[in-house]
There are 2 protein chains.
Amino acid sequence: MSLDHVFDQALALEHAGAGTFHGQTHPAYANMVGPFGGVTAAQMLQAVWLHPERLGEPTALTVNFCAAVADGAFTINARPLRTNRSTQHWLMTLEQSGEVVISATAVTAMRRETLCVQEAVMPQVPAPQHAPLVSQKPPVSWVQQYELRYLKGELPTVWDGHDSGSSESLVWFADHPPRPLDFASLTAFADVFFPRVWLRRANRVPIGTVSMGVYFHVSATELRSISGMHVLGQAHSHVMHQGFSDQTGVLWSEDGRCLATTHQCMYYRE
Amino acid sequence: MSLDHVFDQALALEHAGAGTFHGQTHPAYANMVGPFGGVTAAQMLQAVWLHPERLGEPTALTVNFCAAVADGAFTINARPLRTNRSTQHWLMTLEQSGEVVISATAVTAMRRETLCVQEAVMPQVPAPQHAPLVSQKPPVSWVQQYELRYLKGELPTVWDGHDSGSSESLVWFADHPPRPLDFASLTAFADVFFPRVWLRRANRVPIGTVSMGVYFHVSATELRSISGMHVLGQAHSHVMHQGFSDQTGVLWSEDGRCLATTHQCMYYRE
């Protein structure tokens, strides 16, 4: 692994043995307060990825944001709860100052050559190079680490509380500078979507992800063979109700493969 | 709570203190091997519901099926990992013979009166009483505990490997006999959908849920006020790839409310 890319620097975890990993939040991925949750989620998965007892590759990941991650050092513990012949179940916690800040579970599995059917079809959109590049990004550090080209549902420029009528976004993502796709970067991409409640109501209310999940539909070998480093992100919300909103999303490769599906439960206050 | 209904009997857990609950699989919800996963998931949530330290109501639940649950006794441990002012994060494990069989996380929260927008619209379908009742159910016990009225994508009757072209189902569910909706029954409903790979390929291959999640978009008070005990279940799969399939679903009330969204990662072998 090259540590030239800031994302790889952020993923750097030191294994202290027994599934305990020491890491640091990375200033490049700073959010308004604390780090970008997508990188935190990727760090949780990375602890499993680096664990010497890991069987297979990630198929399902859930990350619960129990409290705000503070800038600085953290400790992740990753523990295989159960190892079967072809699947393995993981429990991960991230602690700071002796308190649980993030909890997570993951399933890793040996994939096999069998029936493959992709029923979902990527929306017909212009190729990344023909989609307009977002030039005016919000002044938070993590957003600068991504190339963003919105096709639909971009961040409002006027915060007037107008009901846009739709919470759907379609956006080409890429690491900036480019970096080959892997499970960690897909995990972070799954959280790049800005809050659906901001899009629907053009009102930048306080928000926070309480739980997010990613199902991976691709192997590491396939990821390496995918040409292009852009991912088309598609996300929408079914409902915003009494302070909590869902988000359902799909991450597509440039050639139309469904790489991952993702879901999120977000707190908002208005 | 009345224990007249078999679902309430299945949910009966004895609190032995310190978040440890003793329960039993219920023969009425037996699957071909072991219990119906939806009831297991509901039992995991029920341990949180009954926990004396619970804050608020369920908003997010993830249940990981680490190994096959054996018929008989089990012990669930439910532990609040972090309690905030208005949200609480839970870790649950179900053990049999000293081994973890199920792991789960949940978020409970105090909901507040604030912006409510339901963007998703329930498909236009006939009311439950006008939808055809499934008469020929598979000979497994748990299916007999549900009234099923398929509008689309019912269980194939001919297993000829024909590609149906769609993994989508639309089905009215109800407990049979009827029972008022609550978080536990919604959790079970989220797993009533038969495997999407069976629908897409009319081939009853071996399957197993590895992870499922439910986001609840309704409060207990609202659930009590909902008229009708049927839930319209809508589910489809984006992709079936190398032994794992996703399932994304929505549970609707009879009057078109989005009660819950659900997602699932399922293993299959062909």
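**A strand and its setting**

A: Chain A is divided into domain 1, residues 1–110, and domain 2, residues 119–270. Keep in mind that this is a predicted model.

Start with strand S13 of chain A, residues 244–253. Is this strand buried or exposed? Ten of its ten residues are buried, so the strand is largely enclosed by the rest of the structure. The cut-off behind that word is 20 or more other C-beta atoms within 10 Å of a residue's own.

Now look at its two faces. In a regular strand the side chains alternate between the two faces of the sheet. A:Phe244, A:Asp246, A:Thr248, A:Val250 and A:Trp252 point one way from S13(A). A:Ser245, A:Gln247, A:Gly249, A:Leu251 and A:Ser253 point the other way. Both sets are buried.

Which strands pair with S13(A)? Take S11(A), residues 231–236, to begin with: six bridges join it to S13(A), and the two run antiparallel. There, A:His236 stands opposite A:Thr248.

Next comes S12(A), residues 239–241. It pairs with S13(A) in the antiparallel sense over two bridges. A:Met240 faces A:Ser245 across this pairing. S12(A) and S13(A) form a hairpin with two residues between the strands. In that hairpin, A:Gln242 takes a positive phi near 50 degrees.

Then there is S14(A), residues 258–268. S13(A) pairs with S14(A) over nine bridges, again in the antiparallel sense. A:Asp246 has A:Cys265 as its bridge partner in S14(A). These two strands also make a hairpin, with four residues between them. A:Gly256, in the turn, has a positive phi of about 85 degrees.

Step back to the domains of chain A. The centres of domain 1 and domain 2 are 21 Å apart, taken over C-alpha atoms. In the contact, 28 residues of domain 1 meet 25 residues of domain 2. On the domain 1 side, the elements that give two or more residues are helix H1 (6–11), helix H2 (37–50) and strand S3 (57–65) of chain A. S3(A) gives the largest share of that side, nine residues. The residues of the domain 1 side divide into 19 nonpolar, eight polar and one charged.

Chain B comes next. Contact between the chains takes 54 residues from chain B and 54 residues from chain A. The chain B side divides into 21 nonpolar, 23 polar and ten charged residues. Strand pairing crosses between the chains too: S7(A), residues 117–118, and S12(B), residues 239–241, pair in the antiparallel sense over two bridges. A:Val117 has B:Met240 as its bridge partner there.

How do the chains relate? The same surface serves both copies: 100% of the contact residues of chain B recur in chain A.

Last, some backbone details. Most residues other than glycine have a negative phi, and most peptide bonds are trans. A cis peptide bond joins A:His176 and A:Pro177, with omega about 0 degrees. A:Pro177 sits in the loop between strand S9 (169–175) and helix H3 (183–189) of chain A. The bond from B:His176 to B:Pro177 is cis as well, with omega near 0 degrees. A:Ser97 has a positive phi near 50 degrees. With 10 C-beta neighbours inside 10 Å, A:Ser97 counts as exposed.

How values were computed
Residues are numbered from 1 along each chain as its sequence is written. Chains are lettered from A and ligands numbered from 1 in the order in which they are written. This is a predicted model: local features need pLDDT of at least 70, side-chain atom pairs count only at pLDDT 80 or more; totals for chains, interfaces and linings use all residues. A residue is buried if 20 or more other C-beta atoms lie within 10 Å of its own, exposed if 12 or fewer, and partly exposed in between; C-beta atoms are placed from the backbone. Two strands pair if DSSP finds at least two bridges between them. Two residues are in contact if their C-beta atoms, placed from the backbone, lie within 7 Å. Ala, Val, Leu, Ile, Met, Phe, Trp, Tyr, Cys and Pro count as nonpolar, Asp, Glu, Lys and Arg as charged, and the others, Gly among them, as polar. Domain bounds come from an automatic or database domain assignment.
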